[in-house]
Amino acid sequence: MKVTEDDIKSVASLSRLKIRDEEKATVLKNLNDILTYVENLNSIDTADIEPTTYALPMQNVFREDKVKPSLDRELALSNAPLKEDGYFKVPRVLEE
């Protein structure tokens, strides 16, 4: 499958991109190179290859949940620019 200038114009219009005339040749070549590479990948026989989720073997990364002493509330709030009733106070980010 080859990409044409009409394809580039159509995709650029759909994606709201402006491609300058001097860029069209480069974009056309790059897209055709990508499609050629994918066609090469499609020609590889993967019938005996088991699908994988990760490239490397994964292990359970969870650790045991242990209760540990935490930072004192007053110490945690000591450098807070705003605090109220023992909590960090932050500016409102949602409008009503």
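Predicted model: local features only at pLDDT ≥ 70, side-chain atom pairs only at ≥ 80, totals over all residues.
Residues are numbered from 1 along each chain as its sequence is written, and side-chain values use heavy atoms, with hydrogens and water left out.

Which residues of H2 are buried? They are Lys24, Leu28 and Asn32, where buried means under 20% relative accessible area, exposed means over 50%, and partly exposed lies in between, with a 1.4 Å probe and protein chains only. Seen down the axis of H2, these buried residues fall within an arc of 55°, so they line one face of the helix; the arc is taken from the directions from the helix axis to the C-beta atoms. They pack against helix H1 (5-14), contact being heavy atoms within 4.5 Å. On the face of H2 turned away from that buried side we find the exposed residues Glu22, Lys29 and Tyr37.

Tyr37, which counts as exposed at 53% relative accessibility, also belongs to a nonpolar surface patch of about 560 Å², made together with Leu31, Ile34, Val38, Leu41 and Ile44. Patches take residues with over 30% relative accessible area and no salt bridge, joining like charges within 9 Å and nonpolar side chains (Val, Leu, Ile, Met, Phe, Trp, Tyr) within 5 Å.

Let me turn to charge. Side chains of opposite charge can pair when their charged atoms come close. A salt bridge is a side-chain nitrogen of Lys or Arg within 4 Å of a carboxyl oxygen of Asp or Glu, and by this rule the count comes to five. One of them joins Asp21 and Lys24, with the closest N and O atoms 3.3 Å apart; being three residues apart in H2, the two are separated by about one helical turn. Asp21 is exposed, with a relative accessible area of 60%, whereas Lys24 is buried, at 15%.

Arg20 forms a salt bridge with Glu23, again with the closest N and O atoms 3.3 Å apart, and Arg20, Glu22 and Glu23 are linked in a network of salt bridges.

Technical notes
Helix = DSSP H or I, 4+ residues; strand = E, 2+ residues; numbered from the N terminus. Areas by Shrake-Rupley, 256 points an atom, 1.4 Å probe, with all protein chains shown as cover.
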